[in-house]
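Dear colleague,

I am passing on the structure below, together with some notes on what was found in it. Please read the notes with the model open beside them.

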Amino acid sequence: MAKFDLIIVNGKVVTASDVSNYCIGIKDGKIRTLVDEFTDDELEGAEVIDAQGAYVMPGGVDAHVHICQDLKTGPYGLGGECADNFETGSKSAVAGGTTTMITFATQTRAEEDRSLLKVVEEYNARAEATGSYADYGFHIIIVRNDVDVLENELPVLIKDWGISSCKLFLTYESQKMTDSQLLDVMFAARKNLITTMVHAENGDMIRWLTEKLEDKGMVAPYYHALSRPPLVEAEATNRAIALAHLIQNPILFVHVGSALGAANIRKAQTMGLPIYAETCPQYFHLTWNDLKRFHSPTCFENSKMICSPPPPPDTSDQEDLFTGLQNGTFTIYSSDHCPFRYDHPNGKPSGVLEHAPSMEGEKHCHGSELQDLLERKDGTFRLIPNGIPGVETRLPLLYTGALATGRITPQKFVELTSTNPAKLYGLYPTKGTIMPGSDADLVIVRPYP
Ligand SMILES: NC(=O)NCCC(=O)O
Ligand SMILES: [Zn+2]
């Protein structure tokens with residue numbers, strides 16, 4: 001019988017610590033050995049891939065992916081319908097070099113969603129309904145502080161589902177909690193040794209600014225960014241750090257997009273607090289101006305760029321975020337993949353269809369009629385679901401924007417996109433590295449000539 005199913009030769013094997021020339025032997029989906037050279041006996045019967053000097057990296061672990069999720073984050077419980085299911089989302093992931101996705105199972109405030117276990121079972125059924133090309137796991141989004149549920153169910157989520165993280169919100173009416181409610185959940189998370197992820201935007205500041213902008217008729221997609229200036233994230237990161245400090249709870253800030261937020265996090269880290277941070281491609285590749293890129297400043301097409309937090313105001317913030325990537329302020333680089341259809345009433349168009357002034361004299365419509373309506377309308381940013389896709393483009397964008405330009409090393413690339421997310425969420429060393437015993441989730445990346 002063949003000793004290996006698959007052998008990769010002539011690759012530069014990249015881990016978070018090293019780049020070295022090794023050949024890799026794989027059997028039954030696991031990495032078995034790393035050697036300088038294989039003998040003829042070992043090569044016998046194996047499929048051989050010649051990497052021709054390319055990087056061989058551990059498959060990407062994207063720790064922030066919204067798939068098949070009910071996103072009722074809008075006002076009045078309105079929400080968009082996630083465009084991807086596990087089949088389509090994972091196909092994009094694998095096409096872009098990501099082999100593991102950690103997605104979200106979300107509790108709601110409805111009484112039937114009190115049980116976190118039931119929520120995870122339901123989301124897992126969604127994944128099983130289509131199957132997935134990539135491995136997947138779940139973070140649990142918690143929006144209530146039912147102490148009995150936290151005490152009884154968090155240990156079961158850890159033991160039976162391998163869940164090691166919960167996500168809490170400081171914004172969105174349907175999800176945000178008061179400081180004391182946040183402390184309840186953080187305290188339970190700390191007792192159970194799970195990581196608390198925090199979406200840090202001050203929801204009250206956003207609501208106040210949104211009302212002021214609406215009073216002046218400033219409702220086009222561009223004003224979404226102005227309703228969430230960097231101070232919104234700065235206040236919320238500061239507050240969450242203080243809450244975490246009070247009870248010594250490790251937290252990870254998700255999708256950090258402002259230099260002010262990053263500076264708060266850096267300060268807390270240098271005080272020795274267990275504070276971690278994630279950033280995403282949109283904060284390096286988009287600025288406020290991109291929200292008025294198409295046709296005219298009020299064109300609804302710009303809704304495609306609406307995500308929360310928004311991109312930074314200008315490129316100087318991007319430089320500060322780059323420094324954070326280099327100096328370790330950011331522990332992980334995820335996509336925050338959250339796609340909505342542009343031509344479906346439950347996608348971005350809800351920003352027009354649910355907006356009474358836009359719809360005067362119009363009828364709800366689908367397909368090309370809807371497209372035509374969107375050409376003529378601004379809608380209002382308050383009703384447009386937040387989120388942009390990215391699971392497929394995360395690695396290529398970091399590669400071209402940072403590795404190929406020499407701003408980060410190949411080791412840092414692997415650390416941010418695979419090793420650290422695997423470590424943070426309990427998957428390492430099965431995922432996140434190339435060593436005997438690890439899953440053979442590998443990506444061959446050809447450096448520029
Ligand atoms: N980030 C974003 O715009 N959408 C995803 C939902 C969330 O905000 O957490
Ligand atoms: Zn979020």
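Lys431 is buried, because 24 other C-beta atoms lie within 10 Å of its own; here a residue counts as buried if 20 or more other C-beta atoms lie within 10 Å of its own, as exposed if 12 or fewer do, and as partly exposed in between, with C-beta atoms placed from the backbone. This is a predicted model, in which local features need pLDDT of at least 70 and side-chain atom pairs count only at pLDDT 80 or more, while totals for chains, interfaces and linings use all residues. Residues are numbered from 1 along each chain as its sequence is written, and chains are lettered from A and ligands numbered from 1 in the order in which they are written.

Lys431 is found in the loop between H16 and S16, where helices (H or I, at least four residues) and strands (E, at least two) are DSSP runs numbered from the N terminus. Leaving out residues up to four places away in sequence, Lys431 touches Val61, Thr100, Ala422, Asp439 and Asp441, contact meaning that the C-beta atoms of two residues, placed from the backbone, lie within 7 Å. Gly59 is 372 residues away from Lys431 along the chain, yet their C-alpha atoms are separated by 7.8 Å. Pro429 is in the loop between helix H16 (410-424) and strand S16 (442-445) as well, and the peptide bond that leads from Tyr428 to Pro429 is cis, with omega near 0 degrees.

**Other backbone features**

As background, most residues other than glycine have a negative phi, and most peptide bonds are trans. Cys68 lies in the loop between strand S6 (60-65) and strand S7 (70-71) and is buried, with 22 other C-beta atoms within 10 Å. Gln248, which is found in the loop between H8 and strand S13 (251-253), counts as exposed, with 10 C-beta neighbours inside 10 Å.

**Domains and cores**

The domain assignment, whose bounds come from an automatic or database source, gives domain 1 (6-57 + 435-445) and domain 2 (60-392), and the centres of domain 1 and domain 2, taken over C-alpha atoms, are separated by 37 Å. The UniProt record, an unreviewed entry, lists residues 55-445 for "domain: Amidohydrolase-related"; its positions are given in the numbering used here, feature names are shortened, and annotations may be inferred rather than shown by experiment. The end C-alpha atoms of residues 55-445 lie 5 Å apart, and the span is 41% helix and 14% strand.

The largest nonpolar core has 121 residues, and those with the most contacts inside it are Ile24, Val120, Ile140, Val185, Val198, Ala240 and Phe253; such a core is a set of buried Ala, Val, Leu, Ile, Met, Phe, Trp, Tyr and Cys residues joined through C-beta atoms within 7 Å. Helix H8 (residues 230-247) gives the most to this core, with seven residues. Domain 1 and domain 2 both give residues to this core, so it lies between them. A second, separate core of six residues includes Phe300, Val352, Leu370 and Leu373.

The residues around ligand 1 are His66, Thr73, His199, His255, Cys307, Ser308, Asp336, Cys338, Asn386 and Gly387, each of them having its C-beta atom, placed from the backbone, within 6 Å of the ligand. By class, this shell has two nonpolar, seven polar and one charged residues, where Ala, Val, Leu, Ile, Met, Phe, Trp, Tyr, Cys and Pro count as nonpolar, Asp, Glu, Lys and Arg as charged, and the others, Gly among them, as polar.

His64, in strand S6, counts as buried, with 26 C-beta neighbours inside 10 Å. Apart from residues up to four places away in sequence, His64 touches Val254, His255, Glu278, Ser334, Ser335 and Asp336, and of these His255 and Asp336 are also among the residues around ligand 1.

With best regards
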